[in-house]
Amino acid sequence: MSRPGSNQQRAAERVAVSAFVRVMARGDAKEFVFRTRDMSTAGLFFATRVVKVYSIRVGTLLDVELYDDHESVSCRAEVVRVVAEDSSPASADPDACGFGVRIVECPPQDHARLKSWIARALTAG
């Protein structure tokens, strides 16, 4: 299910998919763990209620690994949006806080897996 009004500047429709995500900022040895709120073939949103504790900012390049029950997807992404608890009226919703990222590199086999996950979510939703 897509979020109403959320695809105004999107390259692809986002769908609500909760997946485990492991993230490493390029050039940083720190590893972060999130859940996705939604995803598309062009981007993801990582939900977290504590945005300010992370060293992730707009423009940060990330190595991303997404996991579902039996598969994983690896890609490189760039942070294009940071939504902190106090940055927007929508942030009253805990799922509204987090990081929006644009996928900038994704191997063909991983991109195909990502498309498959999204298709599965669309048919289930």
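Trainee: How many residues does helix α1 have, and how far does α1 reach from its first C-alpha to its last?

Mentor: Helix α1 spans residues 108–124, so to speak 17 residues, and reaches 24 Å, close to the 24 Å expected at 1.5 Å a residue. The expected span is 1.5 Å times one less than the number of residues. Helices (H or I, at least four residues) and strands (E, at least two) are DSSP runs, numbered from the N terminus. Keep in mind that this is a predicted model: local features need pLDDT of at least 70, side-chain atom pairs count only at pLDDT 80 or more, and totals for chains, interfaces and linings use all residues. Residues are numbered from 1 along each chain as its sequence is written, and side-chain values use heavy atoms, with hydrogens and water left out.

Trainee: Which residues of α1 are buried?

Mentor: Buried means under 20% relative accessible area, exposed over 50%, and partly exposed in between (1.4 Å probe, protein chains only). In α1, the buried ones are Asp110, Leu114, Trp117, Ile118 and Ala121. Looking down the axis of α1, these buried residues fall within an arc of 95 degrees, so they line one face of the helix; the arc is taken from the directions from the helix axis to the C-beta atoms. Pro108 and Thr123, on the other side of α1, are exposed.

Trainee: What covers the buried residues of α1?

Mentor: Going by contact (heavy atoms within 4.5 Å), the cover includes β1 (15–16), β3 (31–39), β5 (61–67), β6 (72–83) and β7 (98–105).

Trainee: And how do I read the strand pairing: do β5 and β6 run parallel or antiparallel?

Mentor: Two strands pair if DSSP finds at least two bridges between them. β5 and β6 are antiparallel over seven bridges, and a hairpin of four residues joins β5 to β6. β6 and β7 also run antiparallel, joined by seven bridges.

Trainee: How many aromatic pairs does a search of the whole structure find?

Mentor: A pair of aromatic rings is described by the distance of the centres and the angle of the planes. Rings of Phe, Tyr and Trp (its six-membered ring) pair if their centres lie within 6.5 Å; planes under 30 degrees apart are stacked, over 60 edge-to-face, and the rest tilted. The search finds six pairs. Phe32 and Tyr54 have ring centres 5.1 Å apart and planes at 85 degrees, so that pair is edge-to-face. Phe32 lies in strand β3 and Tyr54 in the loop between β4 (43–47) and β5, 22 residues apart.
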